[in-house]
Structure formats: C-alpha cells, structure tokens
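Hi,

Here is the structure I promised to pass on. Have a look at it first, then read my notes below.

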Amino acid sequence: VVFYYHALECILNVESKRLFLAARKERLEKLDKKYAMEQMSEMVMSKDFHQALLSCCVMCVVKAVGTTHKLRPGTDVQSMQVYQALTVCDSNPFEFQKVSEFFARCLSVEFAKEAPGNNQKKNGDDSAQSAMLPVLPQLLRRDFERSEYNLLESFLWARDHKFGSSLPDRLQDFQEHTEKHQEDEGITWWPVQSLHPTLPEEIMDLPTDEDGSLVLSPKFPCTSLIASAIEESDEAYQAAMARRFADYKCVSRIIEKILRRSYQRIAALCANQDIPSASPLVKHAWLAFRYIMRNHIYLFYDRHVDHWILCCLYGVAKQLGMEPEVKFSKIIEAYVSVRGPDLGDVTCQRIVRNIKIENGSGDGDQWGNVITLYNKVFVPIMKEHLIYSKALELAAKQTKAVMRFALDEEMADSTNIV
C-alpha cells in the first residue's frame, strides 16, 4: 500500500510538472491548456488507472519479495505473472500497458531525484536519503521490461472476457470511426501515423490518382487538431473524443514498440541462419510485417506477434528466390534458438505449434501449427501483395543478379585452380 501511494505521488508530480512546462510555451493556446488539465483530472479519477497502477505495484512487490528472500510467500504468489496480477487487481492488459509506461519512467533515477520528499540534496545534505526513495532497482526494471514484452507480443492481442475492453476493441473503434467520420472530421485514426507508408519501398506500391500523382497524406490526431474539432461540440462528444485520443496515443506507442522489436527479431533470426542484416530479406520481411499491421490488423487478434514474423520471413524469402533455400523448418529452428534462452524451448514450441487458425462456426475454433497458418491464412491474404509488389520484384531481380555473379566468380576460381 505504501509503495502504491509513493508511485501515485511520483506520477502526479512528474505529470503536473510536464503540464506546467507545456502551458508556459507561448504556442500552446488556451483551449489546449484546458484540454491538457482535463486529461490530468480524468486520469486521476479513472478507476482503470488505479487498478492498473496497483497491478504494477503487485508485480514489483512479489518479485522483490522473491528475490530478497526476506519473506517466504506461497508458491502461487511467488509464481505470479502478468496474467495473474491483472486478474487479482481486476485490470486489463491495455490499461496496464498504458500505466506501466508512467510507472517505469516516473520511478527511474532521473525523475526520483526530484520526487516529493527527496529534497535533502537541495538543503545541502548530499549524503541524506529519504526514508523510502521511489526508485525501481535495476533488477525490477529488467523484470518489468520482460513483462512488457510479453504484453506486447501476446496478452495485448487476446480477446478475453475477463479483461473487458481490450486493444482489439480500441482498434475496431478506430477503424469504424475513421470509416464513418473521416470526411467531416478530417482525421485518420487508423492506421496510426507510424504505420503510414513513408519508406521508399512502400511508396513504390502506393495507389495513384488518375493523373498519376500519389494520394495526399492523411491528417493524424494531435492535441491542436482534436482541440479544434471539439471546440463547438457538446460535452458528451468532447469526453468521447478525449478518451479516444488518449487511447490513440497509447496505441501509437504500442505499435512503434512492436515495429522496432519486430525488425530486431527478424534481423536476429536471419543472423542465426548466416544471413546478413544488409540482405533484402531482412528489410522486405519487415515491410511485409508492416503491411499486415496496416491493412489486416485483425490477424493479430488472439495470436502471437511472432507468428506473422515467421510467416513474413518465409513468404518473402520464397519470393526473393534465396539461395540456399530458406526452409520453414530452418526458420523454426532459428526461432527456438533465438527465443529459447528467454522463453524456454517448451514455450517456443507451443508458440509455433499451438495457433488459432480461424474461428470455427459451430464446431469450435480450429488450431494448427505455423505452417498451417501460413498456408491457410497468410497466403490467401498476402499472395497478391507479394507477387505484385514493385519493390519486392526489384529486390528479387537484384538478389538473383548478385547470386549469379557470385556463382560465376566461384566457377571462375575453381577453373583457375584446375
């Protein structure tokens, strides 16, 4: 309980300072200041916020108790993971993810130096320490990061009635609101800005107008745009837009983290198979992953993010005509080798062999392995994109030319030796 109130006090202190500094900027209009303060008040009064914060504290305390051995809790408490902490505190993965960022950042050493009650240094006493300095030890921070990775890759995408509203619910709301109100509001809620095709290879595959020019970039939600959109609306509409914008900022950060980690994982899987990071396979597998998130986000629901990383690797490698051939069995072996130290071999095998293929109609859900997922789900949806992608076609030609050149060099060397 004491830790919970320390964390809450630190979060409120950091957020109030951030809002104060933002309000001092001349470019921040009066309406924007009012909106920012309303966001702060809404966060403090939110039941979901406090349940998620309590979940963060429970996880840290249980981990700390097990590490220091000062107390000996039962096995059930000691083995408590993210799922159990969320269930006990009646929180859900999306709210936990949103609050955990505040929690980890505000309890870092940098922010804790200015935390309430830690003013001994200002009074000239450098050696004095506060009775309970709200700082997360490095061990707990690493454990917290691992929990966040589990959330990003799996729990966040689960549609579990125990957790109520989840990330898939928010994404569906973004998609529906964009389809219905994009023309009158002028705001694109989905796909988020980080998924917008801005890379040269993605721009090559963008549709064009009749005159051959590219479609203009959409307007994405921002504080000033939302403030102007709700300026002359009723309170119910303002509250709904404020909640949607808060969810949008959190979803944007989630997508950015997943994109960053997916690229790192693709590069690690390729490196395990002696494929350099400069290979077209790394970049175009990641571009295919971005394409799925941008156009078929529903495929992630009730599945693991790594499922689509493996499918993208094999699909792009096949389209590039890699030599030697990149087989699915080799990709799975590389996956177990790369992820095994963190997850364990049993968990890795479960991820690649126990996958929901599609929702059953009357007979229950259909399950299979990652190869079945590739054949039944990935290929029907991605086949056209992989075949007709101009960027991928160009990369395939370049790859074949490089391989042909390398083969000619090898034959020439062998001839000279003879």
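Let's start with α12, which gives the most to the lining of the largest cavity, with four residues. Before going on, note that this is a predicted model, where local features need pLDDT of at least 70 and side-chain atom pairs count only at pLDDT 80 or more, while totals for chains, interfaces and linings use all residues. Residues are numbered from 1 along each chain as its sequence is written, and side-chain values use heavy atoms, with hydrogens and water left out.

**The cavity**

Rolling a probe the size of a water molecule over the atoms shows where empty space is left. On a 1 Å grid over the protein atoms alone, a cavity is a set of points where a 1.4 Å probe fits but cannot get out, and lining residues have an atom within 4 Å of a point. Grid points are joined across faces, edges and corners, and the volume is the space filled by probe spheres set on the points. There is one cavity of 30 Å³ or more, and the largest has a volume of about 50 Å³. At least two lining residues come from each of α8 (138–153), α12 (235–272) and α14 (305–320); helices here are DSSP runs (H or I, at least four residues), numbered from the N terminus. Among the lining residues are Leu 152, Ile 258, Arg 261 and Asp 306. By class, the lining has four nonpolar, one polar and four charged residues (Ala, Val, Leu, Ile, Met, Phe, Trp, Tyr, Cys and Pro count as nonpolar, Asp, Glu, Lys and Arg as charged, the others, Gly among them, as polar).

**More on α12**

The axes of α12 and α15 (residues 328–343) come within 9 Å and cross at roughly 115 degrees; axes are lines fitted to C-alpha atoms over the stretch in contact, with angles running from 0 to 180 degrees between N-to-C directions. Contact (heavy atoms within 4.5 Å) involves residues including Arg 265 and Leu 269 of α12, and Tyr 335 and Val 338 of α15.

What about aromatic pairs? The whole structure has 13, counting rings of Phe, Tyr and Trp (its six-membered ring) with centres within 6.5 Å; planes under 30 degrees apart are stacked, over 60 edge-to-face and the rest tilted. Tyr 263 and Trp 286 have ring centres 5.4 Å apart and planes at 80 degrees, so this pair is edge-to-face.

Pro 324 sits in the loop between α14 and α15.

Cheers

Terms used:
On a 1 Å grid over the protein atoms alone, a cavity is a set of points where a 1.4 Å probe fits but cannot get out, and a pocket is an open set with protein on both sides within 12 Å along at least five of seven lines; lining residues have an atom within 4 Å of a point.
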